[in-house]
Every structure is written in structure tokens, then in C-alpha cells.
Number of protein chains: 2
Amino acid sequence: MSAVSDLQATLDPSRKSWVESANEPSHDFSIQNLPFGIFSDTTNGARRAGVAIGDEIVDLAALQAAGLLKLPSNADVFARDTLNDFIALGRDAWRSVRIQLSNLLSRDTATLRDDAALRAKVLVRAADARLHLPVQIPGYTDFYSSKEHATNVGSMFRDPKNALLPNWSEMPIGYNGRASSVVVSGTPVRRPNGQLKLPDQERPVFGACRKLDIELETGFVIGGGNALGEPIACADAEAHIFGMVLLNDWSARDIQQWEYVPLGPFNAKTFATTISPWIVTLDALEPFRVAHPVQEPEPLAYLRHDGDHAFDIALEVKLRPHAAKQATTIARTNFRHMYWTMAQQLAHHTVSGCNTRVGDLMGSGTISGPTEDSYGSLLELTWNGKKPLELKDGGTRTFIEDGDELTLAGWCQGDGYRVGFGACVGEIVAARG
Amino acid sequence: MSAVSDLQATLDPSRKSWVESANEPSHDFSIQNLPFGIFSDTTNGARRAGVAIGDEIVDLAALQAAGLLKLPSNADVFARDTLNDFIALGRDAWRSVRIQLSNLLSRDTATLRDDAALRAKVLVRAADARLHLPVQIPGYTDFYSSKEHATNVGSMFRDPKNALLPNWSEMPIGYNGRASSVVVSGTPVRRPNGQLKLPDQERPVFGACRKLDIELETGFVIGGGNALGEPIACADAEAHIFGMVLLNDWSARDIQQWEYVPLGPFNAKTFATTISPWIVTLDALEPFRVAHPVQEPEPLAYLRHDGDHAFDIALEVKLRPHAAKQATTIARTNFRHMYWTMAQQLAHHTVSGCNTRVGDLMGSGTISGPTEDSYGSLLELTWNGKKPLELKDGGTRTFIEDGDELTLAGWCQGDGYRVGFGACVGEIVAARG
């Protein structure tokens, strides 16, 4: 079989795994998915690369040591704290590993299926594992590419009649984020302190953020960078992307409102950004490619690409107060609503000559849909606190309270299987006194 | 002698070196300076740590190998591509190396002075060396802390009567920059392409920047970071700073003007930022500490510090057209004019809980003085192109033309010696066709 048909076979909806949990129709980690991450476990504290399959994790370092996973030059890239060295091997290597794993985990392949001793060496139960930040992130950029979100924010804080600024429709507006404070799902997030400008006082006061918010986003991870001065063409951009994660761009709205003119958000965002631990590859997302929204006016030439460059990824946000039994789903939307595509974002980012590096993270911007229950932030869902949300266990929310746990989820729905992202979770702890 | 008096002795204005070039009164690299950098040379292509002294560079790896430089646990940190591992040893180690070097290079110390074979091993002529980026930069932040600059920009683009925005006087406004494109002095800088909004056209056009500019800045390098959620107090902040460099924040004014609302500058800045190769330590700058400008209103408590936290650093900018014999000095100013101090910048940066890491670079923002010839950008010097500058060899400039070489210089003037930064140089090459 050719490499292309091998790759195609990894996407076959009828392929099942001998890891039975992976065959549950609503499990995020089907054999069609095979997302990459970094994990450790109670018996082996060393961080290493893994792939999620059902309720199990395949230990790639152990699999390679057992002679069951081949890499060019037998590269030693899996016994690492991050995926960067693996990703840097390039797309042919990612695809080769995907193909080998799909075959090994297939119900039809006996190698691991029928060898309990070998399985014990290379499989770790996800319940026994701790997941870590999957990549070392040299640079983090955040875009602002949902038309609905930009319109909502513009309506609230600027002019409802001209909510969308003129530049917004011409380019994927983005800004540099803070890479140091990107944390993996499950890391507690401390409510930030900062300057708050209260309406009844002439000068700002210092204190804990009173309008703490989420931003429901996805992020993509650069798999192949570009040299300084050498832009990435829009048509080539997806080949530079390793995969996607869920991303919660925690935002202190009151700090942001006071600080952001003229240089953009800073302390309102730099205290934490949470990402999901598993990177879902662009290869796994291929069957879920859909047309992106019509772009009017037609973008300038450097932002044009033929074909379908959006992806059908269902997204939802849940809020669970501390010790509450039930979480409340506060938003449901879809990544396909995004106006600017990832390819356009990357082409725009580099068109000035800016270089990117393996592991760079690029956030989509808040993903808001067209309806009031599809907005990707509390700012929009409660219209800046004017319309509190009802929670299942009683109580209401305008913005996040201490002890609230926020969970993002996302998945592509296939025919009888899912390609999902796992959870992106963060609980807010009280501000520093 | 105590460590404190040893450190004090390294600042003694009367101390001279047996490296005679270091004793020239206007040489940047006196024995009082001892800045750190990364170099390679024609006979040894490996990058390694060095200290500049007059026209020579001390090879710290070779000095340690020769048993003349002691570090705790004999740490192996100098035979490295960057200074990060050395810096991470902490302030006691930086100071110990400074004291040892000052003693070894002193005219009164025979060890190297009288041993030509040893000198040949540990000294490299600066003329034979190539200088590299001194640190791996995990994060780059740029501030906006000159009151004169912010007032000038506000006057030009917003309202001359209310040029300074209300938040500016309350906090050191800053934003995240792009670390990947920070380059070392001497690296050619390609003119960026991007979206330009011309006044006579409804939609933007794509093309080469027509208003390419410099921003005269300094930057400081983090020597000791802070954990996520644990701010650095203003009074402690200087202890977290390893040293300073000159920084040219190249800016595409036309791209910036169109893109920057509401999330701040992005492609207008991400194509390149040039820094000088030698990091001048805060210890070397100690004698040049001066009072910072009066801050009115008095800053909020978290931004207060006692004592003098500005530094008297003379700064100038030269422009030399390609192949021109003479450069023209287009601006002269001083770092002491900066309204917000480095300590306040770092305290503000971390007050939200944002973490910093060894090697993080923090730009001062454009340093403009009170007079028209002391502005730190062509935007201000030519008042957005309305008042062209006359060049020495004839011709004029509003913004930078292809082939122009821009050089920043900076130094502290001591009694008979200088603590200088060396040059921060970049030549502009034509945009990609």
C-alpha cells in the first residue's frame, strides 16, 4: 500500500481497536483520533510521549524500545519532557507514527492484542497517568477571528451601529500572548489582582479582579516553522500545523477595560492560559473539513486559499461551582463558525517576515456562534453581567466566582465514533491576599 | 575583604587594566564595565560566553578550564550557545565572576598580565570575534514608559489636548512582543510587507512598508524569575534583573496605524527587534543611579519604591545611508528621562501573577527626551514625515530608506572612564518582491 492509502486507512470509520473502550461511540479517543501528549504515571515518574486510545495511553518510548515503532534513524525523541523533538522530525514522521499506531491498535493486529506481557510494557491506564504540558511553547499568539465575538464586544464597549472595526474584515487581527503562563488542563488558576477603574472613583484601585471570565478557544501548534523574512503562503500553511488543542484564554475584564488602550490586553490575560493536554493532529481532523463562512469583501491575495479550511468541531463550556454535584453547560457552539481560518491566521502572522518555531501556539480567539447560548465568554453570555445565568444546582453567575470549575470540551462527530479533544479544565482559586 | 567591599572595588574609578585599550577614557568596555556576551571566532567556531574588556574578549570557558575562574560546584555553564545557564546560577555567582575578572584584569595582578601563553588561551581580539544573541529569550515584553514619547504619539494620532491617556499615568503600560524575531546587532533587517491603508482608497493594499522607523530603547534581561501566581514586589525587583542592553524596536508605522485597534501592534513590530550583544550588568550601572522623574499622581502602593531607580545613560542614534561615508546623529537623549522605572515595570508585569523566566527581555519603550532633537523615533523627529531631517552627506529623511544603517549607542560617563553598551546596528534591506 502507498503511504497515502495507509494514511487514508487510519481514518476508516469502520476500523475498530482491541482497546475496547476506544470503540465506544462517544469516546473522545477512538482509533481514528490518536492524539499526542506528554504523561507520567505513579510507577514511572518520568515524563514521556504518549498517544491516547480509549481509556489507555500508549507509551511511545516503551513502544520504540520494544522495537514496535520505527522512526527515521531510530530518532530518540519520545523519552522527553515535551513533544518538540518529535514534532521537529516533520510531517512524514508524524504520519508514519500515526500509521504504525493505527495498525498496532487495530482489532485485526495480533502483535499487542495477544501479548499481555508486551501490553503491560507499553500501555498505561489513563486513570493512573498525570498529563503535562505537551509542548514547550516558544511563542504564543492569540487571534480574534470570530465575527460574532468581535461584533458582540464592539457592541458592548464601542458603537453598536459600527460594532466591527474596519480592519477586522480585512485581516485576522491578532496579538502576542504570554507563553510563560500557558498551563495544562487541571492546573488551578489564581484570580489575578490588578488595577480596577471603578465608575464612581477618579483614580483606579488595586484589588482582586471582579469580572473574571473564560474565553472558549482552540489553539493550533506549529509543526514546521519558517525562517525570519520568509513568509508562509496561505496555500501551504496547513502543512506547517501539527495539530489542535482546546484553549481557555482566561480574561480579567475589569483589568482589561482599563489597561488595553492603546497597546492591547496585558495583565488581563498574562496570569494564565489553559490548554488541553492532547494534541489532535490535523490528519485526524481531515474527515471533518468543511467550508468556512463566505468572506466579504474577498480577502487580499495573500489571504486567499481554495477548498475547505474550516473544521466541524462541536464545542461546549461547563461551569461547576466548588463541591457542586452538577455542572451546568453554559455554552454550545462550533469551530466551523470562525470567519478567518487557521491557514489565513498563519499566513497573516508571517507575511511581515515574522518567524515561527516548532511548538508555537496560536489561539483562535473566542469562538462565539450566532445564537445567545453559543457565545464563548461570560461577558457575552451575560451581556457584561446584565443577564445572569441560572445554574443547575441553584444560584446564578455573571462572572466566575472562587471555586468555580470551568471545563471546555470539543469533538468531531464521525459515523459511530468521535475524534475528541478531552477536557480543558481549570478551577479558580482565591486571589492573593 | 568582604564580598561587599570586593564588589565595591570593581567600581573604583581609579582601577586600570593591563588591557591598555580598556583604559581609553571613551572606550565602552572599561574594567569597571565587564559586560557579558556570547561569541565565536575564526579559529574556534563554537559559541561560548565572554566578557568584553577594551578591544579584547575574555573567553570564560577557557578561563575556567585554566583554573582561573571559580564557580560554585565548578558549574559547567560557559561553553554554551547562550548565557541562560550562567545567569540561572543567581546573583551571587554573577557577582563572584565579576569580582574575579576585575581582579584578574587589574593592572596590579600579574597572573595573566605576565603570562603571554596563558593570555593567548583566554583572550580573543574583538576584531576576530563574531557576536551572537547573548540569551535565549523565553518571553519578550515591551513597555511604553517615556512620558514625552507617549505624549508625542498621542498628540499626533489622537487628541493634542488630551495626548496622554488616563491609564498611562497610573501604570507602566506594556504589551507582549514577539521573542522569535529578536536578533543580535549586525543582523540585516528586511523591510516588512503588510496591509497599508492609503487615505485615498477605501480598502487596504498589500505592499512594502513606506513608513519604516526605529524606536530607541533599552531592554533589561531577567536574571531570576518568579513562579506563576507569585508577584515580584517593586522593592525587590532590581534583584531579579541581570543587566541591560540597547534595543531597537523596528516599527512599520503604516502597518501599525491600520492594525493596532483594538489589540495593539502586531505585524508592525514582529518582523525584527535588534539588541546589542553585550549585557551590561546592573552591578556595573550602580554608580550611575539617579533619581527618577517625580511621579504625579503618586503611584498605587504596589508601584512604590524608595531611593533612586533611574540610571544616567547617554543615548544616541545615528543614520548612515548605504555606502555613505558619514553617519548623521539624528537623536541624543538619556535613559534618566524615563517616567516609569524598570523596577516598576517588573512589579507591574508580575502583579497579576504572571511568571517570568531567566532570559526574558523587557523593553523600556521608546526613550524620548524633552527637546525636539532628543526624540527616540523618526515618527517624532520628523513629526510623522512633516519635517524631514537633513543628513550630513546631503539628502533628507522622513522614514528609513533601503540600505540605511541605523546605529544606537549608549554609555554611562564616569570620571575618566565609560560603562558603555557597544553598538546596536541594523541595516535595512529591500522588502521581499
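On conventions, residues are numbered from 1 along each chain as its sequence is written, chains are lettered from A and ligands numbered from 1 in the order in which they are written, and side-chain values use heavy atoms, with hydrogens and water left out. Since the model is predicted, local features need pLDDT of at least 70 and side-chain atom pairs count only at pLDDT 80 or more, while totals for chains, interfaces and linings use all residues.

In contact, meaning heavy atoms within 4.5 Å, are 30 residues of domain 1 and 29 residues of domain 2. The buried area between the two domains is about 2300 Å², with 64% given by carbon and sulfur atoms; buried area here is the accessible area (1.4 Å probe) that two parts lose on being put together, summed over both. Of the area that domain 1 buries against domain 2, Asp28(A), Ile87(A) and Trp94(A) supply 22%, more than any other three residues.

Between the domains there is one salt bridge, a term that stands for a side-chain nitrogen of Lys or Arg within 4 Å of a carboxyl oxygen of Asp or Glu. The side chains of Arg95(A) and Asp283(A) meet in a salt bridge, at 2.9 Å from N to O.

Now to the pair of chains. In general, two copies of a chain are related by a rotation about an axis and a shift along it. Here chain B can be laid on chain A by a turn of 180° and a shift of 0.0 Å along the axis, with an RMSD of 0.0 Å, where copies are superposed by least squares on the C-alpha atoms of residues with pLDDT of at least 70 in both. The two copies are therefore related as by a two-fold rotation axis. In chain B, the C-alpha nearest that axis belongs to Gly264(B), which is 2.2 Å from it. The same surface serves both copies, in that 100% of the contact residues of chain B recur in chain A.

How many residues does the contact take from each chain? It takes 61 residues from chain B and 61 residues from chain A, and the two chains bury about 5500 Å² between them, 56% of it on carbon and sulfur atoms. On the side of chain B, the residues that lose the most area to chain A are Arg178(B), Leu263(B) and Phe266(B), together 14% of what that side buries. Six salt bridges are counted between the chains, and Arg178(B) meets Asp360(A) in a salt bridge through their side chains, at 2.6 Å from N to O.

Finally, some backbone details of chain A. A cis peptide bond joins Val261(A) and Pro262(A), with omega about 5°, and the bond from Glu296(A) to Pro297(A) is also cis, with omega near 10°. Ala323(A), although it is not a glycine, has a positive phi of about 70°.
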